[in-house]
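Hello,

Here is the structure you were waiting for. My notes on it follow below the entry.

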Amino acid sequence: MFTSILIPVAIDHEALVTKKIATARAMLAPGGKITLLTVLEQIPGFTAEFVTVKTENRLSDKIMAALQDLAQGASDIDCRVETGKPGVRITTVAQEMGADLIIVGAHHPSAMDYFLGSTAARVARRAPCSVLIQRPLA
């Protein structure tokens, strides 16, 4: 049983989150905690000057609200939004919070993934704890 489980949530993989939460609950020790984490990549400086960033957009606030909706008010789930490179930041957060399991989602790999590497692969290589890679059905 695990006492601290980190679940990275990619904006484009939200459909898998419910399955990851169910898996986490099945593996969670009594009194344990699940943390939903989304990592937003920063806009590179050379691009930022061409993009109008308005403070009212508040992407982090919108993502946090989406994570809280997914958590459905459960007392055993915390939510976090961070910035950085997901493959690196996820493992750093896991280490900072003392996670003993990361449940990361992954789509079925294509040839491109083997050349570029996916976030799941980066997390598995760098993680300070066990990593479960959960794929969608079919």
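Please keep in mind that this is a predicted model. The largest nonpolar core has 17 residues, and the ones that touch the most other members are Ile-5, Ile-7 and Leu-36. Two or more residues each come from E1, H1, E2, helix H3 (59-71), E3 and E4. Strand E2 gives the largest share, 4 residues.

Leaving aside residues up to four places away in sequence, its contacts are Lys-20, Ile-21, Ala-24, Ile-34, Thr-35, Leu-36, Leu-37 and Ile-103. A separate core of 14 residues lies apart from the largest one, and Ile-90, Ala-99, Ala-106 and Ala-120 are among its members.

Next, the sheet. It is open and made of 5 strands in the order E3-E2-E1-E4-E5, with parallel pairing. The edges are strand E3 (77-83) and strand E5 (130-134); each has a single partner strand, so one side of each has no neighbour in the sheet. From one strand to the next, the twist averages 25°. As background, strands of a sheet pair through backbone hydrogen bonds, either parallel or antiparallel.

Strand E2 (residues 28-40) and E3 run parallel and are joined by 7 bridges. Val-39 has Glu-82 in E3 as its bridge partner. Helix H6 (residues 119-126) packs on the sheet, where it touches E4 and E5, and its direction makes about 165° with that of E5. Helix H1 (residues 17-27) lies across strand E1 (2-8), E2, E3, strand E4 (101-105) and E5, and runs at about 150° to E2.

Now the charged pairs. Over the whole structure, 6 salt bridges are found. One of them joins the side chains of Lys-33 and Asp-78, at 3.7 Å from N to O. Lys-33 is in strand E2 and Asp-78 in strand E3, so this pair ties together parts that are 45 residues apart in sequence. Are these two residues buried or partly exposed? Lys-33 counts as partly exposed, because its relative accessibility is 29%. Asp-78 also counts as partly exposed, at 34%.

Another salt bridge is formed by the side chains of Glu-96 and Arg-80, with an N to O distance of 3.8 Å. Glu-96 sits in helix H4 (residues 86-97) and Arg-80 in strand E3, so the pair links distant parts of the chain, 16 residues apart. Arg-80 is partly exposed, with a relative accessible area of 24%.

The side chains of Glu-82 and Arg-89 form a further salt bridge, at 2.8 Å from N to O. Glu-82 is buried, because its relative accessible area of 17% is under the 20% cut-off. Arg-80, Glu-82, Arg-89 and Glu-96 are linked in a network of salt bridges.

One backbone detail remains. Most residues other than glycine have a negative phi. Gln-72, which is not a glycine, has a positive phi, near 55°. Gln-72 is in the loop between H3 and E3, and it is exposed, with a relative accessible area of 72%.

Regards

Definitions and conventions
Residues numbered from 1 in each chain as written. Predicted model: local features only at pLDDT ≥ 70, side-chain atom pairs only at ≥ 80, totals over all residues. Heavy atoms only, no water. Pairing = 2+ DSSP bridges. Axes fitted to C-alpha atoms, helices over the stretch in contact; angles between N-to-C directions. Contact = heavy atoms within 4.5 Å. Core = buried A, V, L, I, M, F, W, Y, C linked by side-chain atoms within 4.5 Å. Buried < 20%, exposed > 50% of the residue type's maximum accessible area, 1.4 Å probe, protein only. Salt bridge = Lys/Arg side-chain N within 4 Å of Asp/Glu carboxyl O.
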